[in-house]
Amino acid sequence: MQLVFHVGVHGTDGDRMLKTLLNNRNWLLKNGTEVVTPNRHRGIIDEALAALEGGTASGEMEGIMLDAMLESDAPARVVMSTPTFMGAPGRVCGREGLYPQMAARVAALMRLFPSSETEFFLAIRNPATLLAEVLPQFTGGGYDELVQGCSPEDLRWRAPIRQLVQAAGGRRVVIWCHEDVPLIWPEVVRLV
């Protein structure tokens, strides 16, 4: 089974991907793709990650999670979409820069479904506009607390994306720029 994680990032999608897929849910189901809404996977994935404490799910645990999330029997492709795969808005920055936990979160998601062919999709955006979008959602203080001492000039996508690709270990990773969405949206949806 192919398992697709559309992991965000924050402030790039506004649930547009999920809504587009759900608007085409019947056609997708007829063609072997099931879209799992966040309310069906969030608690299951969070509990499993906590229970595994960094370990890998057994085949039995993987089957139990899929049975709890899926409505159809044995779809060829399962798609999950939510920016919370990358954590709360306060996780956008760390002392190391943008999304310092991105690679670890991707690796943890892969360990939940080790027998699946896992793919990751994410949009990135200009760090300045990303911070402006996330700051009103951040409940841990103001701008200084959000950026955790990082200089805005040091916020680059290169390191977290390189770490994500390395953590994915050869699995498919599709990345696009949020600012390009008006020009590429149909293509992005088809890839997902």
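This is a predicted model: local features need pLDDT of at least 70, side-chain atom pairs count only at pLDDT 80 or more; totals for chains, interfaces and linings use all residues.

1. I would start with the largest nonpolar core, which has 41 residues. The members that touch the most others are Phe5, Met80, Tyr99, Met102 and Trp157. Helix α5, residues 102-112, gives the most to this core, with five residues. There is also a second, separate core of 16 residues, and among its members are Leu28, Val79, Val181 and Trp185.

2. On to the aromatic rings: a search of the whole structure finds four aromatic pairs. One of them joins Phe5 and Phe85 edge-to-face, with 5.2 Å centre to centre and 90 degrees between the planes. This pair links distant parts of the chain, 80 residues apart: Phe5 belongs to strand β1 (residues 2-6), while Phe85 sits in the loop between β3 (77-81) and β4 (93-94). Both Phe5 and Phe85 are buried.

3. How are the rings of Tyr99 and Trp157 arranged, stacked or edge-to-face? Their centres are 5.8 Å apart and their planes lie at 20 degrees; planes under 30 degrees apart count as stacked, so this pair is stacked. Here too, distant parts of the chain are linked, with the partners 58 residues apart. Tyr99 is in the loop between β5 (97-98) and α5, and Trp157 is in the loop between α7 (143-147) and α8 (158-168). Both residues of this pair, Tyr99 and Trp157, are buried.

4. Phe5, Phe85, Phe113 and Phe120 are linked by ring pairs into a cluster. Elsewhere, Arg16 lies over the face of Trp185, at 5.6 Å from the ring centre; Trp185 is one of the members of the second core.

5. Next, the helix crossing. The axes of α3 (residues 38-52) and α5 come within 10 Å of each other and cross at roughly 95 degrees. Angles of 65 to 115 degrees count as roughly perpendicular, and α3 and α5 therefore fall into that class. On the α3 side the contact is made by Ile45, Ala48, Leu49 and Leu52, and on the α5 side by Ala108, Leu109 and Leu112.

6. His41 is another residue of helix α3. Is His41 buried or exposed? With a relative accessible area of 1%, His41 is buried. Leaving out neighbours within four places in sequence, His41 is in contact with Val36, Met69, Met80, Ser81, Thr82 and Phe85.

7. A cis peptide bond joins Gly8 and Val9, with omega at about 15 degrees, and Val9 lies in the loop between β1 and α1 (16-23). Asp15, in the loop between β1 and α1, has a positive phi near 65 degrees without being a glycine. Asp15 is partly exposed, at 38% relative accessible area. Glu53 is also not a glycine, yet has a positive phi of about 45 degrees. Glu53 lies in the loop between α3 and α4 (59-69) and is exposed, with a relative accessible area of 72%.

8. Finally, two pairs of residues separated in sequence. Leu22, in helix α1, is partly exposed at 28% relative accessible area. Leu22 and Thr37 are 15 residues apart in sequence and 8.6 Å apart in space, C-alpha to C-alpha. Beyond residues up to four places away in sequence, Leu22 touches Val35 and Thr37. Pro136, in the loop between α6 (127-134) and α7, counts as exposed at 68% relative accessibility. Pro136 and Pro89 are 47 residues apart in sequence, with 9.4 Å between their C-alpha atoms.

How values were computed
Residues are numbered from 1 along each chain as its sequence is written. Side-chain values use heavy atoms; hydrogens and water are left out. A nonpolar core is a set of buried Ala, Val, Leu, Ile, Met, Phe, Trp, Tyr and Cys residues joined through side-chain atoms within 4.5 Å. Buried means under 20% relative accessible area, exposed over 50%, partly exposed in between (1.4 Å probe, protein chains only). Helices (H or I, at least four residues) and strands (E, at least two) are DSSP runs, numbered from the N terminus. Rings of Phe, Tyr and Trp (its six-membered ring) pair if their centres lie within 6.5 Å; planes under 30 degrees apart count as stacked, over 60 as edge-to-face and the rest as tilted. A charge sits over a ring if NZ of Lys or CZ of Arg is within 6 Å of the ring centre and within 35 degrees of the ring normal. Axes are lines fitted to C-alpha atoms, for helices over the stretch in contact, and angles run from 0 to 180 degrees between N-to-C directions. Angles under 35 degrees count as roughly parallel, over 145 as roughly antiparallel, 65 to 115 as roughly perpendicular and the rest as oblique. Contact means heavy atoms within 4.5 Å.
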